[in-house]
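Work through the exercises below with the model open. Try each task before reading its solution.

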Amino acid sequence: MRKRNLLLIAAVIAISYMSCERDDICPESTPTTPRLIIDLLDSANPENKKKVFKLVAIGEGVENNLVLPDHDLKDLDVLSLPLKTTEDSTQYTLINDAAINDNGTPDDSSDDFLDGNFDTLTINYTREQVYVSRACGYKTIFKNITLVLDETDTDPWILSTESLTENQTAEDETTAHFNIFH
């Protein structure tokens, strides 16, 4: 009887140990909700990347509003833009050759604003929630992504956009999803 109880206890412990999932922190290497990756290409020579100088990206309704921190003016040939996970559209104002205008008051930064060539880019998509793991939770995959440029802009620096696949999907950040020609 005693042996049978010990075997039963050992079996219960073994089964419960094997059925438990490790409760840990989501590893940084685990792919989560991706950003939209856009290569910036030369419109005169479409095979070559071309930097946009002093680029600032302002996301409408995106957390912290500025994608590039504190008006950090960057020279970039690739954009990595987060998309809203609660809506089917995200809009960005992309400012080429941006500069901070101190409004004639260099000692007062409260009235500073950005100058440059402003282009508005609207990104439309559908969202799908995908379970990753207990530690990581869910991630959002973006499907049927389209880019729409503001047609009323009289001085655009973005000349055209191109999806790299039909019915573009963003599931990871390993390759570009779109090209922008400027």
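**Exercise 1.** Where does lysine 54 lie, and what is its phi?

Solution. Start with the strand: lysine 54 sits in strand 2, residues 52-60. Strands are DSSP runs (E, at least two residues), numbered from the N terminus. Next, the backbone: lysine 54 has a positive phi of about 50 degrees, although it is not a glycine. Buried means under 20%, exposed over 50%, partly exposed in between (1.4 Å probe, protein chains only).

This is a predicted model: local features need pLDDT of at least 70, side-chain atom pairs count only at pLDDT 80 or more, and totals for chains, interfaces and linings use all residues. Residues are numbered from 1 along each chain as its sequence is written, and side-chain values use heavy atoms, with hydrogens and water left out.

**Exercise 2.** Is asparagine 179 buried or exposed, and which residues does it touch?

Solution. Asparagine 179 is in strand 9, residues 178-181. Its relative accessible area is 7%, so asparagine 179 is buried. Now list contacts (heavy atoms within 4.5 Å). Leaving out residues up to four places away in sequence, asparagine 179 touches Ile38, Asp39, Leu41, Ser160, Thr161, Glu162 and Leu164.

**Exercise 3.** How far apart are alanine 44 and phenylalanine 181 in sequence and in space?

Solution. Locate alanine 44 in the loop between strand 1 (36-41) and strand 2. Alanine 44 is exposed, at 71%. Alanine 44 and phenylalanine 181 are 137 residues apart in sequence and 8.6 Å apart in space, C-alpha to C-alpha.

Notes:
Helix = DSSP H or I, 4+ residues; strand = E, 2+ residues; numbered from the N terminus.
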